[in-house]
Amino acid sequence: MTNKSMSIERWCIEHADFPPLEIAYGGELLAGVDEVGRGPLIGSVVAAAVILDPTKPIDGLTDSKKLTAGKREALDLQIRERALAFAVAEASAAEVDALNIYHATHLAMRRAIDTLAPAAEYLLVDGNKLPGHLLPGQAVVKGDARHCAIAAASILAKVARDAQMVALDMRYPEYGFARHKGYPTKEHLAALAAHGPLPDHRRSFAPVQRQLALL
């Protein structure tokens with residue numbers, strides 16, 4: 001293991017509240033991978049992949065859900081400025097409907113991985129399954145709280161998808177997307193019942209299917 005990779009491992013581990021990960025890779029091109037948007041009724045599922053630079057540490061990396069919107073946006077800028085490589089990709093609502101959310105999520109992850117430059121050599125993927133990429137790697141349960149590269153990916157994906165929901169809210173303010181980000185809250189379900197599904201809604205998801213059946 002190189003000094004560079006050793007330093008990034010110490011940096012990641014000291015920010016985690018879990019036992020150190022046993023990572024079967026000792027090089028410098030390790031990519032953290034995560035997604036956002038499996039649960040919403042509308043829009044794309046967004047994935048990100050990040051290769052961090054241990055010579056440019058970023059303080060405060062953790063699970064994006066534990067951060068305020070302002071903190072996520074500040075870290076998003078730092079990641080984009082300091083990472084060796086990063087990529088954000090997505091699978092559309094139509095692809096979610098065609099493939100199902102599980103396969104669409106892995107498609108978005110593979111797209112993000114394939115866009116990295118320089119390319120990754122090893123993957124750390126949040127969750128319990130690898131996305132079917134040819135690169136070696138390992139799945140890490142609660143990975144966004146256990147490794148800084150996965151945390152960085154979770155932040156990029158969350159900021160990107162939230163921006164999509166804010167843009168959608170500007171087009172359709174009656175649905176409240178800027179507040180609930182497309183998740184099936186009472187507000188969203190009430191708006192769906194009152195105004196009907198939009199083109200961006202996922203037709204394969206049950207609450208949307210029920211409203212379509214009433215049309």
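**Aromatic pairs**

I searched the whole structure for aromatic pairs and found three. I took rings of Phe, Tyr and Trp (its six-membered ring) as paired if their centres lie within 6.5 Å, with planes under 30 degrees apart counted as stacked, over 60 as edge-to-face and the rest as tilted.

I looked up Tyr25 and Tyr122: their ring centres are 5.3 Å apart and their planes stand at 5°, so the pair is stacked. Tyr25 lies in the loop between helix 1 (3–13) and strand 1 (30–36), and Tyr122 lies in strand 4 (residues 122–126), so the pair ties together parts that are 97 residues apart in sequence. Helices (H or I, at least four residues) and strands (E, at least two) are DSSP runs, numbered from the N terminus.

The model is predicted: local features need pLDDT of at least 70, side-chain atom pairs count only at pLDDT 80 or more, and totals for chains, interfaces and linings use all residues. Residues are numbered from 1 along each chain as its sequence is written, and side-chain values use heavy atoms, with hydrogens and water left out.

I then checked accessibility, where buried means under 20% relative accessible area, exposed over 50%, and partly exposed in between (1.4 Å probe, protein chains only). Tyr25 has a relative accessible area of 16%, so I noted it as buried. Tyr122 is also buried, at 6% relative accessibility.

Next I noted Tyr175 and Phe177, a stacked aromatic pair with 5.3 Å centre to centre and 5° between the planes. Both Tyr175 and Phe177 are buried. Ring pairs join these two residues and Tyr172 into a cluster.

**Salt bridges**

Side chains of opposite charge can pair when their charged atoms come close. I counted a salt bridge where a side-chain nitrogen of Lys or Arg lies within 4 Å of a carboxyl oxygen of Asp or Glu. The structure holds seven of these salt bridges.

In the salt bridge between Asp144 and Lys65, the closest N and O atoms are 3.6 Å apart. Asp144 sits in the loop between strand 5 (137–140) and helix 5 (148–171), while Lys65 sits in the loop between strand 2 (45–51) and helix 2 (69–82), and the pair links these distant parts of the chain, 79 residues apart. Asp144 is buried at 7% relative accessibility, whereas Lys65 is exposed at 63%. I also recorded that a network of salt bridges links Asp63, Lys65 and Asp144.

Glu95 and Arg111 form a salt bridge at 2.8 Å, N to O. Glu95 belongs to helix 3 (residues 93–99) and Arg111 to helix 4 (residues 101–115), so the pair ties together parts that are 16 residues apart in sequence. Glu95 is partly exposed at 22%, and Arg111 is partly exposed at 32%.

I found a further salt bridge between Arg179 and Glu187, with the closest N and O atoms 2.3 Å apart. Arg179 is exposed at 57% relative accessibility; Glu187 is partly exposed at 33%.

**Largest pocket**

For pockets, the search used a 1 Å grid over the protein atoms alone: a pocket is an open set of points where a 1.4 Å probe fits, with protein on both sides within 12 Å along at least five of seven lines, and lining residues have an atom within 4 Å of a point. Grid points are joined across faces, edges and corners, and a volume is the space filled by probe spheres set on the points.

The largest pocket has a volume of about 280 Å³. Its lining has 14 residues, of which Glu35, Asp63, Lys65, Asp126 and Asp144 lie nearest the centre. Strand 1 and helix 5 are the elements that give two or more residues to this lining, and strand 1 gives the most, with three.
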